[in-house]
Amino acid sequence: MFSFGRQLLWSAKSCLRAQQQPWQSAASRLFSTTQPVEGALYKMKTHSGAKKRWRSLGSGSSFKRGKAGHQHLNVSKPPGRKNRLSTTAYSNSAQTHKLKKLLLPYGSG
């Protein structure tokens, strides 16, 4: 008796032999009910590190984040440095362009 992984691999190989796309086989339809985009083999994922650190501003044209290094070991830091670390950092145009790709891989709408 074959394991399910071997059956899926065998099914994918037989689809390739028949010149079909692997997502058109019967075995792959067991996993998803949505129709895949033609030619797309995987879904783009939101970058989890950027998702945790950055927040979009209201217009969606830039992003903001908190600065690192303000949570602990603050006794030895001068007050000016602690004040600087407590402020909000905003993205510049190059960062905004990259963050839109990382956080919104399929667009906002």
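Residues are numbered from 1 along each chain as its sequence is written. In this predicted model local features need pLDDT of at least 70 and side-chain atom pairs count only at pLDDT 80 or more, while totals for chains, interfaces and linings use all residues; side-chain values use heavy atoms, with hydrogens and water left out.

Biologist: Which pattern does the protein follow along the sequence?

Modeller: Helices (H or I, at least four residues) and strands (E, at least two) are taken as DSSP runs, numbered from the N terminus. The protein has 4 helices and 3 strands. Read along the sequence, they give α-α-β-β-α-β-α.

Biologist: What is the order of the strands in the open sheet?

Modeller: Two strands pair if DSSP finds at least two bridges between them. E1 and E2 are joined by 3 bridges, and 3 bridges also join E2 to E3. The pairing is antiparallel, and the order is E1-E2-E3.

Biologist: Why is one side of E1 and of E3 left without a neighbour in the sheet?

Modeller: Strands of a sheet pair through backbone hydrogen bonds, either parallel or antiparallel. In this open sheet of 3 strands, the order is E1-E2-E3. E1 and strand E3 (88-90) stand at the edges, so one side of each has no neighbour, as each has a single partner strand.

Biologist: Which residue in the turn of the E1 and E2 hairpin has a positive phi?

Modeller: The hairpin has 6 residues between its two strands. Ser62 lies in this loop, between strand E1 (54-56) and strand E2 (63-66). The residue with a positive phi, of about 80°, is Gly60.

Biologist: Is Ser62 buried or exposed?

Modeller: Contact means heavy atoms within 4.5 Å. Not counting residues up to four places away in sequence, Ser62 touches Arg55, Ser56, Leu57, Ser91 and Thr96. Buried means under 20% relative accessible area, exposed over 50%, and partly exposed in between (1.4 Å probe, protein chains only). With a relative accessible area of 16%, Ser62 is therefore buried.

Biologist: What is the relative accessible area of Thr96?

Modeller: Thr96 is found in helix H4, and H4 (residues 93-103) lies across E1, E2 and E3. Beyond four places in sequence, Thr96 touches Ser61, Ser62, Phe63 and Ser91. Thr96 is buried, and its relative accessible area is 7%.

Biologist: At about what angle does helix H4 run to E2?

Modeller: Axes are lines fitted to C-alpha atoms, for helices over the stretch in contact, and angles run from 0 to 180 degrees between N-to-C directions. Helix H4 lies across E1, E2 and E3, and its angle to E2 is about 90°.

Biologist: How far apart in space are Lys52 and Arg65?

Modeller: Lys52 is in helix H2, and at 63% relative accessibility Lys52 counts as exposed. Lys52 and Arg65 are 13 residues apart in sequence. From C-alpha to C-alpha, the distance is 9.4 Å.

Biologist: How does Met44 count at 45% relative accessibility, and where is its place?

Modeller: At 45% relative accessibility, Met44 counts as partly exposed. Its place is the loop between helix H1 (4-17) and helix H2 (48-53).
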